[in-house]
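Have a look at the sequence and structure, then read on.

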Amino acid sequence: MSTADETPTSPLLITLAWLLVGVPLAYGLWQTLVRASALVNG
Amino acid sequence: MSVLDKQAIVARPGYSRWLIPPAALAVHLSIGQVYAFSVFKNSLVASFDTSLTAIGWVFSIAIVMLGLSAAVLGTWVERSGPRKAMLASAICWGTGFVVGSAGIATGQLWLLYLGYGVIGGIGLGIGYISPVSTLIKWFPDRPGLATGMAIMGFGGGALIASPLSNRLMSLYDPDFVATEPGAVASGTALAQTFLTLGVIYTLFMLIGAALVRVPPGHGDDSTAEHSPGTNGALVRASSAIRTRQFWLLWVVLFCNVTAGIGILEQAAPMIQDFFREDGSSAITAAAAGGFVGVLSLANMSGRFVWSSLSDRIGRKPTYVMYLGVGLVFYLLLALFGSASPVIFVALAAVIISFYGGGFATVPAYLKDLFGTLEVGAIHGRLLTAWAAAGVAGPLIVNGILDSVGEPGNLVAADYRPALLTMVGVLAVGFVANLLIKPVSDTHFDHDAHAANEERVADRQEATR
């Protein structure tokens, strides 16, 4: 439970921080999936 | 007090612990680039007009330096806190690329060894362990999940770095087409790519360093409330390395990594060789590349999935699975892997997911055995097992394969001695894991233990 002097971290900051690492990771995952698809199509 | 000190980065009340995993990921996604070093291999061989072995040493030096620096600097990382460690790691990793770039631009291979291998390798070691103990302290209820998220980033870093590096080399050398077999980028393009990556990774890691905080009450280790391990264990790094448990876990990690590297190192040629008949393989080079992609995904997802699972089923049973099921799957791969590509890929993917899981679960195993007092420093010392396995794994596989035939002419049966050797390696790790028992209280830091008990009692009294 939050006390009066506790300021919770902004959800926007948490979202931005996760986007910062999530976007490059999603790019890498997508590129790898495309590459891995060659196993079926290659 | 500097803004880098541990005391300066104590989280204010209300600071969300969900900002710590992205901070850790910013570092691990950056240093995970090392697993994608092979994208430069052909271009570096052409640029320096040297052998694959000479270029291969760059990666080997980096991994050995990772293990050594994590072991030697683990205590410094623990005492200095995650921000100072992440900054040091960012400087070393970025400098490694810059010095490496200078080596490529001037044709001095030794500068690449020194830059990427030695300086960059130190950045790898510091960066790898920098967020681990902080994550365990923020997530005492789910240490496997927390460290799994970060160490997943180390696997994910290669997934980003490989296409990014190819894009950069194409940008700086329009004649370079990454999809063409044997394509090489010019030395100038390589040097520019290294420089660009150095800048990108340094900035990315600095964002992680800015975001990271230690939990309230953890600004000073001597007054912090630690989470004890089994039976109340709080053990210092110097005592931990004198315990049976530490060395048994060292053997466990060594065996798990050695067995995983056996497949990873040889993945693309291995799948082609397994389905070779009358001199030609049913698996194309593109499909073999796809197999490497599948293994990368298995490696990354295993780090998160299995490590998170370990919070529910316990660390020892999780390693029983990695080593026991891994052993059976390795055996099936050796005996029946050539029956069908689907069976081969499925078995190899599970084995590699256990390889990744082994890395990600080990910090939580250490926390269970030794408590959080100096878990980062103990983890650093344990990573020497990785460095040793990085040498032993390829030596075993390449040594055995060299003795039975020549690359390009191998078939499934030629792999059996190497795979069966790995079954033996996994069996050793399996037994070592079974022998791990809780640490005896003779190794506990009794002063730290008593002070910790007092702090816990005070806190419980205050919240009553």
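A residue is called buried when its relative accessible area is under 20%, exposed when that value is over 50%, and partly exposed in between. Keep in mind that this is a predicted model.

## Salt bridges

Side chains of opposite charge can pair when their charged atoms come close. Over all chains, the count here comes to ten salt bridges.

Take B:Asp273 and B:Arg276, whose side chains meet at 2.6 Å, N to O. B:Arg276 has a relative accessible area of 15%, so it counts as buried, and B:Asp273 is buried as well, at 3%. Another pair is B:Asp311 with B:Arg315, at 2.8 Å from N to O. B:Arg315 is buried too, with a relative accessible area of 9%. There's also a network: B:Arg79, B:Arg236, B:Glu374 and B:Asp445 are joined by salt bridges that share partners.

## A link across the sequence

B:Arg17 and B:Asp141 make a salt bridge at 3.1 Å, N to O. B:Arg17 sits in the segment before α1 (20-31) of chain B, while B:Asp141 is in the loop between α6 (132-138) and α7 (143-172) of chain B, so this pair ties together parts that are 124 residues apart in sequence. B:Arg17 is partly exposed at 24% relative accessibility, and B:Asp141 is partly exposed at 47%.

## Helix α13 and the nonpolar patch

On the surface, B:Val328, B:Leu331, B:Leu332, B:Leu335, B:Phe336 and B:Leu420 form a nonpolar patch with about 480 Å² of accessible area together. The most comes from helix α13 (residues 315-336) of chain B, which gives five residues.

B:Leu332 lies in α13 of chain B and is partly exposed, with a relative accessible area of 30%. B:Ala334 is also in α13 of chain B, but its relative accessible area is 1%, so it is buried. From the C-alpha of B:Ala334 to that of B:Gln460, 126 residues apart along the chain, is 56 Å.

Helix α17 (residues 412-434) of chain B has 23 residues and spans 32 Å from first C-alpha to last, close to the expected 33 Å. α17(B) does bend, by about 25° at B:Ala418. B:Ala418 is one of the buried residues of α17(B), which also include B:Tyr415, B:Met422 and B:Gly429.

Over in chain A, an unreviewed UniProt entry lists residues 12-30 as "transmembrane region". In the model, residues 12-30 of chain A are 100% helix and 0% strand, with end C-alpha atoms 25 Å apart.

Terms used: Residues are numbered from 1 along each chain as its sequence is written. Chains are lettered from A and ligands numbered from 1 in the order in which they are written. This is a predicted model: local features need pLDDT of at least 70, side-chain atom pairs count only at pLDDT 80 or more; totals for chains, interfaces and linings use all residues. Side-chain values use heavy atoms; hydrogens and water are left out. Patches are made of residues with over 30% relative accessible area and no salt bridge: like charges are joined within 9 Å, nonpolar side chains (Val, Leu, Ile, Met, Phe, Trp, Tyr) within 5 Å. Accessible areas come from the Shrake-Rupley method with a 1.4 Å probe; for residues, only the protein chains shown count as cover. A salt bridge is a side-chain nitrogen of Lys or Arg within 4 Å of a carboxyl oxygen of Asp or Glu. Helices (H or I, at least four residues) and strands (E, at least two) are DSSP runs, numbered from the N terminus. Buried means under 20% relative accessible area, exposed over 50%, partly exposed in between (1.4 Å probe, protein chains only). UniProt positions are given in the numbering used here, feature names are shortened, and annotations may be inferred rather than shown by experiment. The expected span of a helix is 1.5 Å times one less than its number of residues. The bend at a residue is the angle between axes fitted to the seven residues ending there and the seven starting there.
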